Amino acid sequence: MPSPFRHTTPPEPASASGPLRAVYTQLARDFGITRAPTFVVLSSVPEIMASAWALMRESLIAGDGGRTGKELAALGVSEANRCPFCVDAHKMLLHATGDHALAERVARGEQPADEDQARVLAWGRATRIPGAPELTPYPFPAPHAPAYIGTALAFHFINRVVSALLTERLLPGNVQRFRAVRSLGGRSLSRTVRRHPAPGAGLTLLDGAGLALLDHAGPGPDWARATTVGPAYAALRAAAGEGERLLDADDRILVRETLGAWDGAHPPLAWDGLPGRDRPGARLALLAALAPYRITEEDVAAWRTPDRTDAALVRLVAYGAFAAVDRIESALPVRTAKEAS
């Protein structure tokens, strides 16, 4: 079977110990997929893998609100980010929720028949664009906002990692694009997806097993501070932010200024603001943030040196990906947890 990984060769899950083994155990129980490539690809940096999983678990899986709605939000995010792997995954997971008609409707490129579901899908797509009118009012109950916002931000991060470091194939030969395969794949996950595990287990991975991410990450943004989504988001921000150390001061400034001016658009092929391969770190970070599907072997090769391992590349991609997430989060019209209660 062809490897789904690009540019890196992650450690074999079977060899995992300590924090990684704990993440894989929780993944199998609460996500239903033991070796999900979306997390295996991060496994050379356990703190990033664990915090990315924790944010997804505490928002999409254990957070408030129905799984169908949050899958629609995640699908909208993935469509906005042009991530075919994740788009196909969420269409399959919609089958797992039991709403097969909805899953096939969106698979055909149609809008959900239910107006509220259509608004959630549109909200997910709009989260990439600062000030988009679809972002207000919330298309879900206000108390569910931390879980929905956390889900959207989790997949803004995951989409970028996937587009940068995985191939587009969810299954060999892209067979998931056949209706029967989508349906069968979803049904195989239905028992796990329809469970609603208690919040908090994702945070135990961050506070133990040698990571201690919660010690310095803080409670997270105000809109999620009363929930387990907030600390998970803060932990991922802290873990991904470590990649900034791989850039020099000028490159850090360039990344911050470029993201600060970003309007949510996909940059054109002829992108004047993108550094050349003579500044390979800044180039990779900005591509990971704004157009990760355009990262090439040549871009990675220009950055590689003997001491720049796969783990270093994961850190740099994660840094760029979360720089975009932070820009998106800062522009979202949100209500604090206190206002929503």
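This is a predicted model: local features need pLDDT of at least 70, side-chain atom pairs count only at pLDDT 80 or more; totals for chains, interfaces and linings use all residues.
User: Is Pro 275 buried or exposed?

Analyst: Pro 275 sits in the loop between helix 14 (249-261) and helix 15 (280-290). Helices here are DSSP runs of H or I, at least four residues long, numbered from the N terminus. Buried means under 20% relative accessible area, exposed over 50% and partly exposed in between, with a 1.4 Å probe and protein chains only. Pro 275 has 9% relative accessibility, so it counts as buried.

User: Which residues does Pro 275 touch, if you skip those up to four places away in sequence?

Analyst: A contact means heavy atoms within 4.5 Å. With residues up to four places away set aside, Pro 275 touches Leu 254, Ala 282, Arg 283 and Leu 286.

User: How many residues of helix 15 are buried, and which helices do they pack against?

Analyst: The buried residues include Pro 280, Arg 283 and Leu 290. The count is 11 of the 11 residues, so helix 15 is largely enclosed by the rest of the structure. Those buried residues pack against helix 8 (145-165), helix 14, helix 16 (297-303) and helix 17.

User: Which helix gives the largest share of the lining of the second largest pocket?

Analyst: A pocket is an open set of points on a 1 Å grid over the protein atoms alone, with protein on both sides within 12 Å along at least five of seven lines; lining residues have an atom within 4 Å of a point. This one holds about 220 Å³ of space, where volume is the space filled by probe spheres set on the points, and points are joined across faces, edges and corners. Helix 13 (229-241), helix 14 and helix 17 (310-331) each supply at least two lining residues. The largest share, 5 residues, comes from helix 17.

User: How many residues in that pocket's lining are charged?

Analyst: Asp, Glu, Lys and Arg count as charged; Ala, Val, Leu, Ile, Met, Phe, Trp, Tyr, Cys and Pro as nonpolar; and the others, Gly among them, as polar. The lining includes Arg 237, Glu 244, Tyr 319 and Asp 326. It divides into 6 nonpolar and 1 polar, and the charged ones number 5.

User: What volume does the largest cavity have?

Analyst: A cavity is a set of grid points where a 1.4 Å probe fits but cannot get out. The structure holds 1 cavity of 30 Å³ or more. Residues lining the largest cavity include Trp 123, Tyr 138 and Pro 333, and the lining is 7 nonpolar, no polar and no charged. The volume of the largest cavity is about 40 Å³.

User: Is Ala 28 exposed, partly exposed or buried?

Analyst: Ala 28 belongs to helix 1 (residues 18-30). Leaving aside neighbours within four places in sequence, Ala 28 is in contact with Ile 33 and Thr 34. With 32% relative accessibility, Ala 28 counts as partly exposed.

Definitions and conventions
Residues are numbered from 1 along each chain as its sequence is written. Side-chain values use heavy atoms; hydrogens and water are left out.
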